[in-house]
Amino acid sequence: MKTVFITCLHLKYGGVEKVIASLANALTEEGYQIVILCTYYFDEPAYAIDPKVKICYLTSRVPNRDAFYAAIKDRKFFTALKEGAKAVRTLYLKRQTMKIAIKKIHGGAVISTRNEHTVLLSKYGRPDVLKIAQLHSDHHFDPKLVSNFRHDYKNIDYFVLLTDKTKSEVQKMMQGYNSHTKCVTIPNFVEPCELYGKYQKKKQIIAAGRLHPDKNFASLLRIWTKIIQREPDFCLLIAGEGALESSLKKQAVDLGVSGSVRFTGALPHKQLLIEMAQSYCYALTSVSESFGLVLVESMMCGTPPVAYNVRVGPEAIIDDGVNGYLIPEGNEQQFADKVVELIENHAMREKMERNATIKAATFYKDQVLPKWNAILEKL
């Protein structure tokens, strides 16, 4: 049996973590032995993972950044010193344990899911290992990432990018520096879930993701003030957890919309899909998206998305005006107008719902997995 190792930082809730779980399960069904090399153990995996998948946790430590900053804020300098030393040790182990794990692998394939893991894989992966890198975030032409692509990926066999646009950009970056690595496009995939039409729509708009600046929920709350003036019976559901929870709740109060905004925390995946299926539209205000798996999931559920047209991600999924809307980044008024249009124009929304399910099917597992098999056949 051919063995495939997949690296990850943790298995809590998150888009990358959902992709890792789905890929591990799918490759297990294809007959591969899957081992997940996971740096941190926080709790049981947030997403269902096939029992045949082996999870190898590399360290018992967990990041202590919050404790470090809390000690500084409270002027507990001795505690801050202790937490700082602990943080340095944790960061050292984060790199060292993955390095050791990669050096021990003989044969098979390794799929790295983070840039730092890819650099280690290129440097320490053995010659008999098929080395595959993934990029799950937009590179934004970041100088450090570009330098890594050119100089530190030279032993990577395949670099998997999520969109053709990103693949083309990375190929140009590597030209003249790295002739070994082959760039390929493989989008994230979803498991078909027959929820479209099974749940009645309720007066709800939904958004999901980490409560983090990248997701730009602050903009969504401002947009919501414009929507609720015209559609006062509707509510906004925000599913997710993160450091910005308290500040976002305060912003909702300050804007006078807290009564129509629900912060649910992280929802089990099936429950999140049901909430999507019951919503009029999905709202995505991220400042950066490499792909946007939640867009595909909402479309699969028959819920058209409205999204800021940030670099590379949304435009690879949404056909503007056909199965959702792409909004110029930062145009909060236009964003609100399109959400209201989806609410009020029933015939148009129903047509978009059908189109959304058709587009989502192009990202189903049976459409995407053959591309992975084409690479892993090299084993």
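Q: What is the relative accessible area of Lys203?
A: Lys203 has a value of 44%, so this residue is partly exposed. Under 20% relative accessible area counts as buried, over 50% as exposed, and partly exposed lies in between (1.4 Å probe, protein chains only). The model is predicted: local features need pLDDT of at least 70, side-chain atom pairs count only at pLDDT 80 or more, and totals for chains, interfaces and linings use all residues. Residues are numbered from 1 along each chain as its sequence is written, and side-chain values use heavy atoms, with hydrogens and water left out.

Q: Which residue forms a salt bridge with Lys203?
A: First the rule: a side-chain nitrogen of Lys or Arg must lie within 4 Å of a carboxyl oxygen of Asp or Glu. Here the partner is Asp233, with the closest N and O atoms 3.7 Å apart. Lys203 sits in the loop between strand 7 and strand 8, and Asp233 in the loop between helix 7 and strand 9 (235-239), so the bridge ties together parts 30 residues apart in sequence. Helices (H or I, at least four residues) and strands (E, at least two) are DSSP runs, numbered from the N terminus. Asp233 is exposed, at 57% relative accessibility.

Q: What does Lys202 pair with?
A: The side chain of Lys202 meets that of Glu275 in a salt bridge (3.4 Å, N to O). Glu275 belongs to helix 9 (residues 269-277), while Lys202 lies in the loop between strand 7 (182-185) and strand 8 (204-208), so this pair ties together parts 73 residues apart in sequence. Glu275 is buried, with a relative accessible area of 10%. Lys202 is partly exposed, at 32%.

Q: How many salt bridges does a search of the whole structure find?
A: The search finds 18. One of them joins the side chains of Lys52 and Asp50 (3.4 Å, N to O). Lys52 is exposed, with a relative accessible area of 56%. Asp50 is buried, at 17%. Salt bridges can also form a network, as with Glu29, Glu191 and Lys365.

Q: How many residues does the largest nonpolar core have?
A: In soluble globular proteins, nonpolar side chains tend to be buried together. A core is a set of buried Ala, Val, Leu, Ile, Met, Phe, Trp, Tyr and Cys residues joined through side-chain atoms within 4.5 Å. The largest one here has 34 residues, and Ile205, Trp224 and Ile238 make the most contacts inside it. Helix 7 (residues 217-230) gives the largest share of this core, seven residues. Another core lies apart from it, with 32 residues, including Leu162, Val190, Ala239 and Ala360.

Q: Which residues is Ile238 in contact with?
A: Contact means heavy atoms within 4.5 Å. Leaving aside neighbours within four places in sequence, Ile238 touches, among others, Phe217, Leu220, Leu221, Val261 and Phe263.

Q: What is the volume of the largest cavity?
A: Rolling a probe the size of a water molecule over the atoms shows where empty space is left. A cavity is a set of points on a 1 Å grid where a 1.4 Å probe fits but cannot get out; lining residues have an atom within 4 Å of a point. The search finds two cavities of 30 Å³ or more. The largest has a volume of about 70 Å³. Helix 1 (residues 15-29) gives the most to its lining, with four residues. The lining includes Lys18, Gln134, Phe189 and Trp372.

Notes:
On a 1 Å grid over the protein atoms alone, a cavity is a set of points where a 1.4 Å probe fits but cannot get out, and a pocket is an open set with protein on both sides within 12 Å along at least five of seven lines; lining residues have an atom within 4 Å of a point. Grid points are joined across faces, edges and corners, and a volume is the space filled by probe spheres set on the points.
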